Amino acid sequence: MVDFFQNTIDGVMIGSSYGLLALGFTVIFGVMRRLNLSYGPSIMIGGYLGTVLYLNHGAGPLVVAGAVVLGAAIAGVYVERLCFAPMKAGAGIASMVSSFAIWMQLEQAAILVLPRHTYPFPPLATGATLEFGPFFVRIDHLIMLVCALGLAAAVQVTLYRTRFGLALRAIIGHPVAAHLVGINVRRAMLLAFAAASAIGGVAGFLVLAVDQQVTPMFGMWATLKGLIAMMIGGLGSVPGAVVGGLLLGVIETHSQWYFGPQFRDLIAYVVLFAFLVARPGGLFGRAPSPDITTPQKA
Amino acid sequence: MDDYLIGVLSNIGVISFIALSAYLLLLTGEISFGQQAFFAIGAYAAGIATALWGWPLALALVWGAAIGGAAAVLVGIPTLRLHGLYFAIATLAFAEMVRILFELFRYQITIDGELVGPDGADGFRNIRYIFDNNIDAFQFLLLIYALLAVVLLGFVLLERSRLGVIFRMIGEDETLAGLQGVSIAHHKVLAAGISGALAGIGGGLYAHLTTYVEPRIFDVMLGVHSLAYGLIGGLGTALGPLLGVLIDIGVLESIRALSGYRMIIFGGLVALLLIVRPRGLLDENVVHKIGRFWRRISPWARRPGLNTGNRNNLTGGRP
Amino acid sequence: MRSIICTAAAIAMLALCGLEGAHAQVRAKAGVTCKPGTEKLQYDCIIKLANSKTNEPLSGLTLTVGADMPSMPAAHNVRPVGAAEDQEKGTYKARIVLEMYGDWALRLDLSGPVRDRVVKRLRFERDRVGETTPARAPGRHRH
């Protein structure tokens with residue numbers, strides 16, 4: 001029983017990083033209605049920038065964190081300018097494939113700068129733990145959870161309590177009408193994209209600091225985990241992204257504990273598939289049909 | 001031809017099969033991130049058939065295609081009502097499940113004092129059919145392209161047939177197609193099955209070409225690549241995905257001098273291309289224009305009748 | 001139309017059946033050690049070939065060494081290089097140039113008296129060549 005609760009705690013902690021990744025994804029998908037496959041690799045670029053500063057200039061965790069977030073946001077803006085801004089309505093697949101091409105580009109750029117398979121990444125709180133009776137919680141995990149909940153709240157407040165959020169929701173609801181009432185759609189999209197990538201950067205920094213290593217595979221990992229958590233939680237829902245992430249984390253730790261490491265991902269995918277087939281809207285979604293192959297209908 | 005060229009051409013041919021399988025689904029309006037699963041299933045099925053059961057290659061390839069197609073139908077049925085991103089992620093989830101299952105899959109028997117067969121994450125070595133039967137690389141290349149030619153011919157016939165029109169109609173507007181009395185479910189499962197079989201043949205050829213497969217060959221990268229080929233080359237004709245493969249593998253070879261930077265250059269080029277031509281180089285409009293030009297200059301081309309006129313309305317002119 | 005596709009299919013099947021040939025040959029096994037060469041992405045490999053049943057060294061073969069990257073199937077076509085046999089029987093030396101660091105499957109193609117292919121997986125890094133242990137995926141930490 002202790003194991004069960006400890007696993008659940010670990011799952012929630014690890015899941016908070018998935019939730020953070022899904023949060024950024026949700027903002028991008030919500031605003032663009034398009035899939036940015038380069039989301040993870042953008043974060044990886046931030047991670048590599050932070051690693052370079054750490055290795056060559058001995059930067060501390062705060063500077064590294066800033067560099068990761070900034071790097072991710074810049075890479076995100078680059079992706080938006082190249083793959084999303086110039087695409088016409090109805091070219092959703094082209095945007096997606098284009099973002100995949102940029103993924104290849106970013107990955108090779110990272111390998112050129114740091115060619116080894118893995119590099120060390122500065123730890124946060126060096127894996128210290130807190131004890132609650134029989135249970136342990138890592139401090140860096142706790143920071144991750146707090147960040148996830150805090151950022152989710154911030155995104156929710158921004159969307160529903162600010163003018164910028166109002167503009168974004170107008171764009172989500174009807175981009176053409178939003179343009180007609182004087183909202184600068186292109187600028188809002190760029191801002192949303194940069195903000196989403198920066199949120200991803202926060203997630204990336206925390207995950208890398210917990211792992212204490214960075215690899216070029218991080219990009220694919222981040223895209224996949226963010227995508228799964230977002231789909232389980234429900235497309236376009238901010239609470240859904242966080243809850244989906246936490247649920248994914250709990251499922252993964254339990255399956256790893258009871259069935260072994262290979263079943264960890266297997267069961268996560270089985271759950272995802274089952275969710276999509278039985279309840280495509282996820283936990284919080286309203287099961288709309290955001291068809292990325294056709295332009296948004298009025 | 002030297003070995004190197006034969007190797008590159010063989011690779012282009014084999015990858016074309018999975019590109020065509022993703023393209024067929026794109027025609028019906030579905031994005032699949034999971035064609036690599038059927039490629040993997042075909043590769044393992046055909047490899048097991050020749051290496052473990054001693055089947056002839058022809059039978060093994062047919063078997064791989066059949067298993068690939070059957071698996072695709074099995075996935076196609078529960079995912080019928082999913083569209084767009086939902087369908088894409090469902091196929092992705094399935095493909096990753098398949099990949100992980102192959103990491104757990106062990107089936108080895110002793111042949112001539114040696115263990116042969118899939119060994120989990122360590123892969124499936126010694127699919128030695130072409131060595132045991134003295135088939136050289138060039139003969140195998142011819143085999144690949146003979147099969148590819150048959151598949152392309154099939155696509156040409158498909159585009160001219162009622163079935164092809166229905167596929168594109170579903171891709172254009174499913175509801176409208178349904179109103180025309182087309183059985184959507186039936187045709188979507190059919191398209192999924194054919195595309196699974198295509199990927200299965202490709203997988204079988206790949207396994208025998210390299211003599212060695214391992215689960216991580218079949219990860220998301222392969223699936224997204226095969227999807228991208230159709231979009232780079234163009235969605236107007238089955239030659240589009242082939243052109244995409246040729247550009248990716250062929251052109252990359254020719255800019256070998258820049259080997260450290262090639263993905264940077266190539267990725268940028270693809271992104272720029274898609275801005276200018278969001279439905280690829282050979283998109284519907286280009287194909288339509290070429291077709292019209294051909295009909296004008298060719299004395300023995302079919303005159304546009306009721307049938308072809310209809311098709312042009314359906315397939316051309318997407319904005 | 002249908003007749004055309006049937007004919008084509010028949011031809012393809014015939015081509016397939018024509019590929020049947022002789023059976024049972026000597027099989028090879030190989031030991032490969034590589035170390036980084038003087039230039040970037042260049043590696044010097046020593047390959048020991050032996051009969052997989054009798055362990056006799058396989059001498060006098062033509063050996064070419066190619067490489068594939070399993071994570072990107074068919075995308076990296078490294079031009080195969082010939083390997084020269086050393087004084088020691090069954091020992092061959094080859095210098096390969098890869099396209100990037102990472103896990104590669106070296107493809108050893110044997111021709112001459114023995115025709116076979118042996119595949120070896122190795123991880124090539126800037127300063128060393130080692131086993132292809134899977135990298136720990138992110139987020140797998142327990143305390």
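Is C:Cys34 counted as buried or exposed, and what is its relative accessibility? In this predicted model, in which local features need pLDDT of at least 70, side-chain atom pairs count only at pLDDT 80 or more, and totals for chains, interfaces and linings use all residues, side-chain values use heavy atoms, with hydrogens and water left out. Residues are numbered from 1 along each chain as its sequence is written, while chains are lettered from A and ligands numbered from 1 in the order in which they are written.

C:Cys34 counts as buried, at 12% relative accessibility, where buried means under 20% relative accessible area, exposed over 50% and partly exposed in between, with a 1.4 Å probe and protein chains only. C:Cys45 is likewise buried, with a relative accessible area of 2%. These two residues form a disulfide with their sulfur atoms 2.0 Å apart, a disulfide being a pair of cysteine sulfur atoms within 2.5 Å, and by this rule the count over all chains comes to one. The link of C:Cys34 and C:Cys45 is right-handed, with 105° about the S-S bond. Because C:Cys34 lies in strand E1 (residues 28-36) of chain C and C:Cys45 in strand E2 (residues 42-51) of chain C, the pair ties together parts that are 11 residues apart in sequence; helices (H or I, at least four residues) and strands (E, at least two) are DSSP runs, numbered from the N terminus.

Chain C as a whole has one helix and eight strands, which follow the pattern α-β-β-β-β-β-β-β-β when read along the sequence. Of the 143 residues in chain C, buried residues make up 48%. Among the contacts in chain C with a separation of 6 or more, 54% are accounted for by residues 24 or more positions apart, contact meaning heavy atoms within 4.5 Å.

Between chain B and chain A, the contact takes 46 residues from chain B and 46 residues from chain A. The two chains bury about 4100 Å² between them, 81% of it on carbon and sulfur atoms, where buried area is the accessible area (1.4 Å probe) that two parts lose on being put together, summed over both. In chain B, the residues that lose the most area to chain A are B:Leu85, B:Tyr86 and B:Met221, together 18% of what that side buries. Helix H4 (84-104), helix H10 (220-233) and helix H12 (262-276) of chain B each supply at least two residues of the side that touches chain A, and the largest share, 14 residues, comes from H4(B).

Within individual chains, A:Ser42 lies in helix H2 (residues 39-57) of chain A and counts as buried at 0% relative accessibility. Not counting residues up to four places away in sequence, A:Ser42 touches A:Gly71, A:Ala72, A:Ala75, A:Gly76, A:Val79 and A:Leu106. B:Asn11, in helix H1 (residues 3-27) of chain B, is buried with a relative accessible area of 8%. Leaving aside neighbours within four places in sequence, B:Asn11 is in contact with B:Leu209, B:Ile249, C:Ala74 and C:Asn77. The C-alpha atoms of B:Asn11 and B:Leu246, which lie 235 residues apart along the chain, are separated by 9.9 Å.
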